[in-house]
Amino acid sequence: VREPIQELINHCYDSNLTKYRDELESILKDCYNTYFDVRSKLLFSIIWSQLDDLIMKQKGADLVSFIRSMKSYFQDLCQNEYKLFVEFFPISNSKETGTKDVVNVWFIKLCEPLYNTTTNNILREQNINQLCDSIILFQPFYEFEEGSEEYVRQFNDIYYDKIFDPIVNKLQNQLARRCKFLITNNLIEYKPTINDLMISNYDTSKKTMTDSDTEMLNAYLDTLLQRLSVDKTKIESKDMILITYYTPLLRSLSLLFKIYDILIDPKLFDELSYYVIHSGIQSLRRAYDLYRGSSNTLDTKLIYLGNLLLLRDEIQNLNVSSDFDESNSQLNFSAVGTLIKSIKWSNATLFSFAKGLVPGRSDDNSNNITNTRRHGSMASLHSESSQPRHLGEKNSGLELIQELRRIIKAITESTGSSIIDNTLSTNTIS
């Protein structure tokens with residue numbers, strides 16, 4: 001059979017037979033379709049019978065085990081069918097013939113029972129670890145950029161990345177939905193208390209995580225502790241992190257760090273990151289707004305600033321495309337970490353430090369992404385009493401910059417007023 005098929009393929013792409021190409025290609029297409037129809041009718045009943053057995057064996061098993069068994073079965077099925085296919089249809093390395101593409105398109109149709117069988121299990125799964133581990137099973141198929149030499153070598157015969165794409169997309173979308181649900185619970189629906197931005201006299205028992213949170217949060221705190229130690233902060237333990245930073249924000253950041261190397265689609269990860277920034281700012285602001293009048297001390301402002309900077313730095317560590325790098329923001333944050341190491345500072349130190357944080361005027365900022373004149377007056381942005389602009393998730397980087405400007409302005413005004421009051425008191429005594 002191979003010889004006449006090979007001859008037909010040669011005729012299809014013979015430059016001397018161009019006027020017959022459409023007719024020859026139609027005949028070749030009929031050959032493919034006849035073969036695939038015969039094999040499909042034979043295989044579908046066998047496939048469903050095998051799937052029924054697998055489902056019975058996997059009854060009560062977790063999602064990872066179920067996906068692994070299904071993946072293994074259909075991977076073997078495609079390999080066996082490919083070997084049989086090349087017995088009848090010669091495979092050419094030339095892209096012009098398209099023989100490999102034809103058989104791989106059929107493989108996708110052949111795997112429809114796989115897609116149908118796994119959908120309900122994936123949509124029912126709520127455990128983040130199970131979804132992540134299930135995606136990891138397919139990561140070897142997505143290591144190289146499509147079209148690269150490594151990619152071509154990896155998928156020389158069977159395009160497993162295309163075959164398993166429907167399952168991977170379902171897994172990623174379900175993981176993204178679960179993460180967004182948890183972020184919403186951690187930040188949007190969380191009702192802050194007066195203690196949330198207080199370090200002293202804080203009840204650490206209220207920072208206790210549930211069993212489902214513990215593993216993920218602890219893993220994140222370990223990495224965060226390493227980064228903070230490099231920055232030479234005075235935070236020396238995970239417990240100190242928990243009582244220093246806003247716990248709902250830590251929970252949400254731990255989710256991002258968990259899925260950072262898991263999600264294959266970078267757009268999904270960026271969308272979740274923007275959601276964390278936007279939701280984190282709103283939740284932090286609700287906690288900060290609980291401090292009114294004399295209760296809104298410099299300590300509170302510094303803790304609030306520290307949480308915003310943690311959010312900014314951690315998002316940058318994840319290489320998320322945002323609009324708050326230092327060159328664009330015109331804010332000098334280089335020494336903020338030093339300030340937040342200790343709450344006890346002299347007024348002079350605080351004033352000189354905060355003065356350096358306030359963005360200076362520039363004549364060249366007309367095209368800068370943080371030029372907020374088009375969004376409102378600079379005074380309204382710098383005034384602590386003004387309400388923050390809710391720019392939406394897609395503008396979350398700009399929203400974070402605005403919030404940083406607001407609190408830095410508040411710190412400057414607070415330390416400035418304190419110095420003036422102390423100066424007046426000293427003069428009066430003199």
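## A buried charged pair

Let's start inside the protein: Arg 39 and Glu 81 are both buried, where buried means under 20% relative accessible area, exposed means over 50%, and partly exposed is anything in between (1.4 Å probe, protein chains only). Their side chains meet in a salt bridge, with 2.6 Å from N to O. The partners come from distant parts of the chain, 42 residues apart: Arg 39 is in helix H2 (residues 21–57) and Glu 81 is in helix H3 (residues 63–88). A salt bridge here is a side-chain nitrogen of Lys or Arg within 4 Å of a carboxyl oxygen of Asp or Glu. Helices (H or I, at least four residues) and strands (E, at least two) are DSSP runs, numbered from the N terminus.

Residues are numbered from 1 along each chain as its sequence is written, and side-chain values use heavy atoms, with hydrogens and water left out.

pLDDT is the predictor's confidence in each residue, from 0 to 100. The protein's mean pLDDT is 77, and 70% of its residues reach 70 or more. Two stretches to treat with care are residues 201–210, where pLDDT stays under 50, and residues 324–392, where pLDDT also stays under 50. Where pLDDT is low, the predicted coordinates should not be read in detail. For residues 201–210 the model has 13 contacts beyond four places in sequence, and for residues 324–392 it has 121 of them; a contact means heavy atoms within 4.5 Å.

Side chains of opposite charge can pair when their charged atoms come close. The count of salt bridges comes to nine. In one of them, Glu 403 pairs with Arg 285, and their closest N and O atoms are 2.9 Å apart. Glu 403 is in helix H19 (residues 396–429) and Arg 285 is in helix H13 (residues 266–288), so this pair ties together parts that are 118 residues apart in sequence. Glu 403 and Arg 285 are both buried. They also belong to a salt-bridge network that links Arg 285, Asp 289, Glu 403 and Arg 406.

Another salt bridge joins the side chains of Arg 312 and Asp 313, at 3.2 Å from N to O. Arg 312 has 3% relative accessibility, so it counts as buried. Asp 313 has 35%, so it counts as partly exposed.

## Rings that pair up

A pair of aromatic rings is described by the distance of the centres and the angle of the planes. Rings of Phe, Tyr and Trp (its six-membered ring) pair if their centres lie within 6.5 Å; planes under 30 degrees apart count as stacked, over 60 as edge-to-face and the rest as tilted. There are 23 aromatic pairs by this rule. Tyr 73 and Phe 74 make an edge-to-face pair, 5.2 Å centre to centre with 90° between the planes. Tyr 73 is buried at 18% relative accessible area, and Phe 74 is buried at 0%.

Tyr 288 and Tyr 304 are stacked, 4.4 Å centre to centre with 15° between the planes. Tyr 288 lies in helix H13 and Tyr 304 in helix H14 (residues 298–317), so the pair ties together parts 16 residues apart in sequence. Tyr 288 and Tyr 304 are buried too. Elsewhere, ring pairs link Tyr 32, Tyr 35, Phe 36, Phe 85, Phe 88, Phe 89, Trp 106 and Phe 107 into a cluster.

Helix H14 has 20 residues and reaches 28 Å from its first C-alpha to its last, close to the expected 28 Å; the expected span is 1.5 Å times one less than the number of residues. H14 is mostly covered, with 16 of its 20 residues buried.

Leu 249 sits in helix H12 (residues 247–259) and counts as buried at 0% relative accessibility. Not counting residues up to four places away in sequence, Leu 249 touches Leu 187, Gly 280, Leu 284, Asn 307 and Leu 311. The C-alpha atoms of Leu 249 and Leu 187 are 6.9 Å apart, although 62 residues separate them along the chain. Asn 104, in helix H4 (residues 99–110), counts as buried at 3% relative accessibility.

Conventions: This is a predicted model: local features need pLDDT of at least 70, side-chain atom pairs count only at pLDDT 80 or more; totals for chains, interfaces and linings use all residues.
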